[in-house]
Amino acid sequence: MVVILGAGLAGLSAAYHLSDRDYVLIERESEVGGLCRSQRHDGFVFDFTGHLLHLRDPSIRDWVLKLLPDGYRQLHRSAWIHSHDTLTPYPFQANTAGLPLEVRLECLLGFIAAMSHQTAERQGIPEPQPLIDGLPFMTVCPPPQAGEPNFLDWIMSTFGEGFAKHFFIPYNEKLWRRKLSAVTGDWVSWSIPRPELADVLRGAITRSGKVYGYNPQFLYPAAGGIDHLPRSLAAHIPENSMRLECAAVEISAAKRRVTLANGETLTGEFILSSLPLTVLAKITTDMPYDLKAAAADLDHVSIRAVNLGVRGEPVHADAQWVYFPEASAPFHRIGLPTALTPTMAPSGHHSLVAEISFRPEDDPGPEASLEQTVSSLLRCGFLRSRDDIVTSKVVDIPLAYVVFDKRRREVLPELMRWFVQNGIVPMGRYGTWDYLAMEDSLRHGREVAAWIGSQTV
Ligand SMILES: Cc1cc2nc3c(=O)[nH]c(=O)nc-3n(C[C@H](O)[C@H](O)[C@H](O)COP(=O)(O)OP(=O)(O)OC[C@H]3O[C@@H](n4cnc5c(N)ncnc54)[C@H](O)[C@@H]3O)c2cc1C
């Protein structure tokens with residue numbers, strides 16, 4: 001038997017692809033989906049902040065489209081940045097035309113200076129390396145070498161001082177809640193568009209309308225709620241192969257045995273785990289002490305989603321999400337779910353979701369976050385009046401973004417290898433302690449299932 005821990009997208013995908021094996025899928029919550037769930041509240045649909053489907057792998061795309069029973073909407077990105085009391089299109093570095101002249105000048109001069117000083121620094125970030133034969137998704141960069149550029153170095157050498165000052169540093173410090181020199185340079189630089197000088201110049205003079213980046217188009221379930229995807233996956237899993245409200249509390253690697261919160265034990269030839277790697281290490285009783293201690297060093301930030309149901313039409317009709325780099329707003333991003341599909345709110349209403357990143361030691365508390373969010377939305381014009389708010393729901397995602405720091409690259413390879421050698425395969429966003437999209441978690445489940453098929457037991 002294969003024991004699969006966690007019924008988020010990675011666990012569901014593994015179960016789906018293991019259909020000819022004996023398996024059991026174990027989930028702590030009363031419903032499947034993990035982060036890819038939706039909550040229905042007073043007629044509004046609130047996801048765990050915006051969950052948009054960017055599907056690059058054609059085989060995953062075909063599969064997901066078949067899974068969305070009530071269809072999907074194909075959307076063109078409408079993302080914006082709120083800066084200097086104005087809205088400018090995403091990405092900031094190619095769209096400064098609406099900003100004050102001195103800001104544009106600082107950005108342009110800084111960009112040109114960075115271009116002329118570009119050194120080996122820009123090339124000095126290593127590529128992630130595969131860790132285990134047959135598990136291509138399990139990759140990590142080698143431990144940082146002296147002189148390797150950190151995330152701040154990368155920003156400065158790629159975009160220059162002006163863009164760093166007006167967007168990249170304040171935005172990313174809000175998200176990561178630390179100095180960017182403590183974040184390693186391998187932090188998803190692929191996802192940050194790097195326009196040519198001509199585009200930066202054009203964007204400082206006029207709105208060109210040119211699209212950049214990895215997500216200019218995406219999909220979203222037409223019926224409203226990203227949970228349509230995990231629910232549809234779960235429909236392929238026999239009832240007796242899935243256990244909900246059943247947390248794994250202890251694992252013996254030597255015995256390949258999982259103990260559940262109700263005291264029951266399950267033994268498998270393999271254990272697949274999408275539990276956070278930190279949790280997996282904590283509950284694995286026979287793991288070497290130094291590895292357990294190393295796992296405890298892995299760092300993350302939490303996200304508080306402040307969801308508001310609002311009477312009337314949205315102030316900015318087509319905006320899907322907006323970045324807020326400036327310190328005056330407590331959130332780094334807001335989403336406008338009804339721009340994805342109108343079914344996210346009752347007729348004549350819309351909704352807003354503000355994302356606030358925090359570390360436990362600087363948590364302002366849910367009530368303060370709600371009040372600060374409402375005041376800030378009124379100030380920047382995204383809310384017309386406090387009286388228009390018909391409902392609110394504050395939801396915390398305790399483990400939202402894993403932090404890419406030096407320690408992560410030092411400890412991940414040893415941790416991953418130890419688990420796989422002991423028959424426990426970590427997978428998914430938090431299982432592999434990575435920055436992953438839904439597509440990646442689906443792919444992990446599929447690849448782990450194929451790997452199991454290739455093992456002689
Ligand atoms: C703020 C935010 C926004 C995002 N936006 C997007 C987006 O726009 N597009 C996109 O593609 N991706 C997005 N993502 C990423 C996406 O949510 C994840 O990649 C994906 O949902 C992760 O699936 P998973 O199965 O790997 O992990 P999870 O969803 O975390 O699943 C793990 C499961 O394990 C269960 N579990 C935990 N502990 C136990 C235990 N002890 N016993 C049993 N079960 C347990 C959990 O309840 C959960 O169901 C976003 C993520 C965040 C945080």
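Modeller: In this predicted model, arginine 257 has threonine 267 of β14 as its bridge partner. That pair belongs to the contact between strand β13, residues 257-260, and β14, which run antiparallel and are joined by three bridges. With β12, strand β13 pairs over four bridges, again in the antiparallel sense. One of the residue pairs here is glutamate 250 with threonine 259 of β13. The hairpin of β12 and β13 has four residues between the strands, and arginine 256 in this hairpin takes a positive phi near 50 degrees.

Taken together, the three strands make an open sheet in the order β12-β13-β14, with antiparallel pairing. β12 (248-252) and β14 (265-267) each have a single partner strand and stand at the edges, so one side of each is left without a neighbour in the sheet. On average, and with direction ignored, neighbouring strands of this sheet are turned by 20 degrees against each other.

Eight residues from domain 1 and eleven residues from domain 3 take part in their contact. On the side of domain 1 that touches domain 3, four residues are nonpolar and four are charged, with no polar residues.

A second open sheet is built from five strands in the order β11-β2-β1-β15-β21, and its pairing is parallel. Its edges are β11 (242-243) and β21 (424-426); each has a single partner strand, so one side of each is left without a neighbour in the sheet. Helix α1 packs on this sheet, where it touches β1 (2-5), β2 (23-26) and β15, and its direction makes about 155 degrees with that of β1. Strand β15, residues 270-273, pairs with β21 in the parallel sense over three bridges, and serine 273 has proline 426 of β21 as its bridge partner.

Helix α1 (residues 9-17) also meets helix α12 (residues 438-454): their axes come within 7 Å and cross at roughly 35 degrees. The crossing is right-handed. The residues of α1 in this contact include Leu9, Leu12 and His17, and those of α12 include Met438, Leu442 and Val448. By class, the contact of α1 with α12 has eight nonpolar, six polar and one charged residues.

The ligand is surrounded by 35 residues, of which Gly6, Gly8, Gly34, Gly428 and Ala437 are the closest. The elements giving two or more residues to this shell are α1, β20 (389-402), α11 (428-431) and α12. The shell has 19 nonpolar, eleven polar and five charged residues by class. Domain 1 and domain 2 both give residues to the shell, so the ligand lies between them.

Terms used
Residues numbered from 1 in each chain as written. Predicted model: local features only at pLDDT ≥ 70, side-chain atom pairs only at ≥ 80, totals over all residues. Pairing = 2+ DSSP bridges. Axes fitted to C-alpha atoms, helices over the stretch in contact; angles between N-to-C directions. Contact = placed C-beta atoms within 7 Å. Nonpolar A, V, L, I, M, F, W, Y, C, P; charged D, E, K, R; others polar. Left-handed = near helix turned anticlockwise from the far one by under 90°. Near = placed C-beta within 6 Å. Domains from an automatic or database assignment.
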